[in-house]
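Here is a short briefing on one protein chain.

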Amino acid sequence: MNPMHINLYATFRLAAGVKTIQLDLPAGATVQQAVEAAVEQYPALRVHWLNDAGEIHAHVHCLLNGEDVGSLAAGWQTPMPPDAALDIFPPVAGG
């Protein structure tokens, strides 16, 4: 198994009621699978992270060990290394 954690920020932290989600996933699990596992543990995150088809919303920003998941070659299908950390941020608006 591959221990990893997800750090939540702003409204995602409020929705889940926790700062960090600890997960123990099979070796080779992807970022998408980690997101799905987190939603299983904290169903309140589903509406914020996933659309009705189970796809991750475009406005969800995720960093895998400090790298933007959207810039990685495999994107959300990137396998996570052991002890990976995901940082998941809600959309940021300003004016």
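The model is predicted. Five strands make up an open sheet of mixed pairing, ordered β2-β1-β5-β3-β4. Helix α2 lies across four of these strands, β1, β2, β3 and β5.

**Sheet layout**

- The strand order is β2-β1-β5-β3-β4. β2 (20-25) and β4 (67-68) stand at the edges with a single partner strand each, so one side of each has no neighbour in the sheet.
- Strands of a sheet pair through backbone hydrogen bonds, in either the parallel or the antiparallel sense.
- β1 and β2 run antiparallel and are joined by six bridges. Within this pairing, M4 stands opposite L23 in β2.
- β1 and β5 pair in the parallel sense, over four bridges. Here L8 has I88 of β5 as its bridge partner.
- β3 (residues 61-64) pairs with β5 (residues 85-89) over four bridges, in the antiparallel sense. L64 stands opposite L86 in β5.
- β3 and β4 also run antiparallel, with two bridges between them. L64 stands opposite E67 in β4.
- The hairpin of β3 and β4 has two residues between the strands. In this hairpin N65 takes a positive phi near 50°.

**Faces and burial in the strands**

- Which side chains of β3 point to the buried face? They are C62 and L64.
- β1 is mostly covered, with five of its seven residues buried.
- N7 sits in strand β1. N7 has a relative accessible area of 17%, so it counts as buried, the cut-off being under 20%.
- Beyond its neighbours up to four places away in sequence, N7 touches K19, T20, L86, D87 and I88.

**Helix α2 on the sheet**

- Helix α2 spans residues 31-41 and runs at about 120° to β2.
- Its buried residues are V31, Q32, A34, V35, A37, A38 and V39.
- An α-helix has 3.6 residues a turn, so residues three or four places apart point the same way.
- The buried residues of α2 pack against strands β1, β2, β3 and β5, and also against helix α3.

**Nonpolar core**

- In soluble globular proteins, nonpolar side chains tend to be buried together.
- The largest nonpolar core in this model has 28 residues. M4, I6, W49, M80 and L86 have the most contacts inside it.
- β1, α1, β2, α2, β3 and β5 each supply at least two residues of this core.
- Which element gives the largest share of this core? It is α2, with six residues.
- Leaving aside neighbours within four places in sequence, W49 is in contact with I6, L8, F12, V35, A38, V39, E55, I56, H57, V60 and I88.

**Aromatic pairs**

- How many aromatic pairs does a search of the whole structure find? There are two.
- Y9 and F89 form a stacked pair, at 4.4 Å centre to centre and with 10° between the planes.
- This pair links distant parts of the chain, 80 residues apart. Y9 is in the loop between β1 and α1 (10-16), and F89 is in strand β5.
- F12 and W49 form an edge-to-face pair, at 5.7 Å centre to centre and with 80° between the planes.
- This pair also links distant parts of the chain: F12 is in helix α1 and W49 in helix α3 (residues 46-49), 37 residues apart.
- F12 is at 2% relative accessibility, so it counts as buried. W49 is buried too, with a relative accessible area of 0%.

Definitions and conventions. Residues numbered from 1 in each chain as written. Predicted model: local features only at pLDDT ≥ 70, side-chain atom pairs only at ≥ 80, totals over all residues. Heavy atoms only, no water. Pairing = 2+ DSSP bridges. Contact = heavy atoms within 4.5 Å. Axes fitted to C-alpha atoms, helices over the stretch in contact; angles between N-to-C directions. Buried < 20%, exposed > 50% of the residue type's maximum accessible area, 1.4 Å probe, protein only. Phe/Tyr/Trp six-rings, centres within 6.5 Å; stacked < 30°, edge-to-face > 60°. Core = buried A, V, L, I, M, F, W, Y, C linked by side-chain atoms within 4.5 Å.
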